[in-house]
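Grab the model and a pencil.

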Amino acid sequence: MKITIALLALVGLVAAVSVPSPSSKSTVTVADHAFLEKQKFLLEIVYRVEDPLMFEECIKLGHALVYDKAHYTHFDEYMEKFYESYKMGALLPQGEYFGALVKSHYKQAYGLFSFFYYAKDWATFQQNVAWARIHVNEGMFVHALTLAVIHRDDFQGLMLPYIYEIFPQQFFNGAFIYNAEKFDYNTWVKYTQYEKELNDVYHHGKYYNHKFYNNDYFYAKDFKTYQWWKLMGLDENWHSMETYTPLRENSYEFASNEKYLALMKNIDMFWYPVDYSRDIEFFNRHSVLSYFTEDLGWNAYWYYLNLDYAFFLDGETYGLNKDRRGEWWFYNVQQILARYYMERLSHGFGDIPQFSFSQAYEYGYDPELVAYNGVGYSYRKNYYEVQSYGNYEMMSLVKNAISRIYNIIDTGYYTTYDGHKIDMRQPSAIEYIGNYMQGNIDVFDKYFFNYWYLLSQMYVSHVDYDDFTVSPSVFLNWETMLRDPMFYSMHKTIAKVYSYFYHHLPYYTQEELAVAGVEIEDAEVSELVTYFDIVDFDVTNLLNDKMVFQDGQFVWDKSLYARQQRLNHKPFNYNITVKSEKPQKVVVRTFYGPKFDEYGQIILLKENRMNFVEFDAFVYELAAGENVIKRSSEYFFHTVSDRTTYSELYQYVMAAYDGKYEFPLSISEPHSGFPDRLLLPKGWAGGMPVQFVFYISEYDSSVDQYSNYDPTYYSGIGSGTRYVDNKPFGYPFDRHIDATEFFVPNIYFKDVSIYHHDTFDKYYGEYSKYGHFDYNFYNNYYTTKDYD
């Protein structure tokens with residue numbers, strides 16, 4: 001199983017050396033019974049949170065919120081206000097839509113989180129969680145609980161299901177959600193029997209003629225490449241899974257695991273083909289990118305980043321300042337835009353459109369989502385005039401906040417209310433700018449307005465300052481933002497500030513960039529191939545309670561899955577040949593970026609630096625002489641594979657709870673990793689030209705990686721040891737580039753191409769199993785085992 005970040009390389013001489021993954025050198029930690037009790041509680045407490053709590057033992061626990069201050073390590077004003085709001089009946093009611101970026105909502109969520117986070121012991125925490133599950137708004141409850149599980153140091157290894165498994169409503173279109181909520185096993189059995197009789201007549205009777213239909217049948221007017229089931233002759237309805245293994249990129253590993261098969265064999269599994277949410281009525285060319293912008297892993301990454309470094313959590317209390325929280329958030333915005341730009345280029349689109357309050361925005365968007373309370377999300381028409389809607393005073397505050405940070409950067413310093421002067425010409429000042437742009441509580445002047453980012457999302461969602469009940473909008477929650485094209489245009493405004501700050505710092509010189517005696521002589525990159533595979537996402541949380549509670553007992557004997565097409569890539573590797581005059585530790589960073597714009601013209605490096613995507617960084621010990629560094633995509637920096645599903649986790653936990661299985665804490669990927677399968681853009685059938693950049697810098701021993709956490713099951717948020725060194729994020733592309741100084745022996749550019757293979761090509765012809773899902777899909781295309 002892939003781990004988020006790579007460990008140090010083994011010492012090499014002249015021969016080729018491969019960089020190992022952390023898991024190859026760490027022992028597997030197995031959960032004890034006390035841990036399993038906690039994990040079982042967390043998995044059960046979030047099951048169907050939109051329904052009344054059905055677990056009797058939890059209902060008994062949740063009779064009251066623990067208010068005695070002796071049970072907490074800290075008791076603050078947010079806890080006081082939350083408790084007062086509860087007593088007065090002023091909490092956000094259950095059934096209302098919760099927005100993490102609604103001012104009145106986040107303050108209550110902060111208070112609830114504090115009751116979870118500061119609880120002295122598990123008993124207090126458990127009672128508060130059970131109480132909140134019964135009395136608190138569903139979205140607020142999940143938000144506060146997720147924050148607590150992430151940030152409590154004593155919860156390392158404990159996990160919640162992924163957010164798209166808790167709230168599938170935030171990720172799948174409303175039509176699918178409706179069908180899943182209404183799923184009834186008895187009705188399904190009768191329906192499939194009728195459908196079989198109909199298909200027998202259709203396939204074998206006089207109405208079916210291969211020669212007549214042949215290829216033309218598949219090219220229906222509304223057919224799109226993401227509607228893979230139409231190519232197989234399948235309808236949009238529930239199908240029984242013919243294997244015990246949900247589809248994913250490493251399904252073959254599970255299918256050959258006897259313990260796994262024994263655990264899952266008694267579960268009836270059903271899947272439903274799911275399209276990306278869209279509405280043809282509001283179609284524009286951007287919807288061709290829906291497979292990327294609406295990808296569950298892409299959206300979940302942004303969600304967890306903003307919970308890891310939540311804007312209302314102060315850096316000192318939660319250790320976030322150790323991680324350079326402002327700079328890291330800032331850099332992630334820039335990287336998300338760079339990755340999105342690469343996907344645009346693969347479709348012939350150019351720069352990300354500018355966002356302006358005074359000009360109409362070209363791309364309309366209809367998410368087709370339905371919130372957990374049954375209310376549909378709002379849509380935006382094409383050529384939407386932003387300033388014509390919303391609170392003008394709020395808009396002015398947002399615009400003024402942007403203008404003010406530009407003025408501060410131009411001035412070169414900022415004087416706080418207490419007379420302290422901050423030098424904005426130092427590289428370390430990027431942390432101050434990042435905190436400001438995120439609008440977090442660590443902003444450099446506590447008396448300065450610091451919630452501009454929150455208000456900007458409220459403005460475009462038509463929410464005023466003190467609104468309490470609001471309508472669903474994709475901009476009010478982190479997990480739904482990235483599906484809207486306007487997100488990227490708005491955040492391009494933030495990235496411009498990032499670039500503007502570095503514009504005021506001097507260029508890196510050759511003396512600063514070079515490493516004495518180190519030269520990259522050559523680099524080889526294996527073929528880069530992308531394709532669309534098919535994956536099952538666990539949506540069992542949508543099953544109605546009649547299916548899971550029998551005689552008052554929780555029975556997990558059925559699982560529902562949303563089967564969807566998604567972008568993936570073949571595993572690839574690169575080799576770097578490096579000559580070193582002496583043994584020394586170095587840091588190797590790898591980037592890729594465009595070489596040509598949408599018109600086929602070369603992009604000058606000084607204009608291109610913000611478009612490079614960093615996907616690997618690791619420490620390596622060079623030997624004197626020639627070194628060949630071998631690196632596989634399986635061990636890239638900060639990337640993860642598919643996670644263990646909700647259904648599987650619960651079965652594992654219960655088996656271990658009953659003494660039938662040893663539960664390893666590394667059973668699921670850390671929540672904060674970037675999806676490995678989205679590293680590369682789609683590319684072209686004939687090869688999309690890009691360039692890889694390899695850069696080697698000195699290792700300064702400033703960061704002792706993994707010194708205080710195990711990366712196999714914990715993300716290390718607030719540890720200060722998650723990164724390879726203390727160089728600026730994005731180094732050496734962080735500052736503007738002087739080409740006469742930038743090209744040093746320890747940097748190497750390599751031209752490569754990204755090829756896209758049409759994995760559905762065979763289905764365009766006459767398909768012999770028409771009307772059935774092809775379970776040999778993975779055997780015929782790119783599984784990991786085929787390319788090791």
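The exercises below go from strand pairing to a sheet and then to a helix pair.

This is a predicted model, where local features need pLDDT of at least 70, side-chain atom pairs count only at pLDDT 80 or more, and totals for chains, interfaces and linings use all residues. Residues are numbered from 1 along each chain as its sequence is written, and side-chain values use heavy atoms, leaving out hydrogens and water.

**Exercise 1.** Work out which sense strand 8 and strand 13 pair in.

Helices (H or I, at least four residues) and strands (E, at least two) are DSSP runs, numbered from the N terminus. Two strands pair if DSSP finds at least two bridges between them. Strand 8 (residues 518-525) and strand 13 (residues 573-580) have seven, in the antiparallel sense. For a check, isoleucine 520 has valine 578 in strand 13 as its bridge partner.

**Exercise 2.** Classify how helix 1 and helix 5 run relative to each other.

Take the axes, lines fitted to C-alpha atoms over the stretch in contact (heavy atoms within 4.5 Å), with angles from 0 to 180 degrees between N-to-C directions. Those of helix 1 (residues 33-45) and helix 5 (residues 122-135) come within 11 Å and cross at roughly 10°. Angles under 35 degrees count as roughly parallel, over 145 as roughly antiparallel, 65 to 115 as roughly perpendicular and the rest as oblique. The two helices are therefore roughly parallel.
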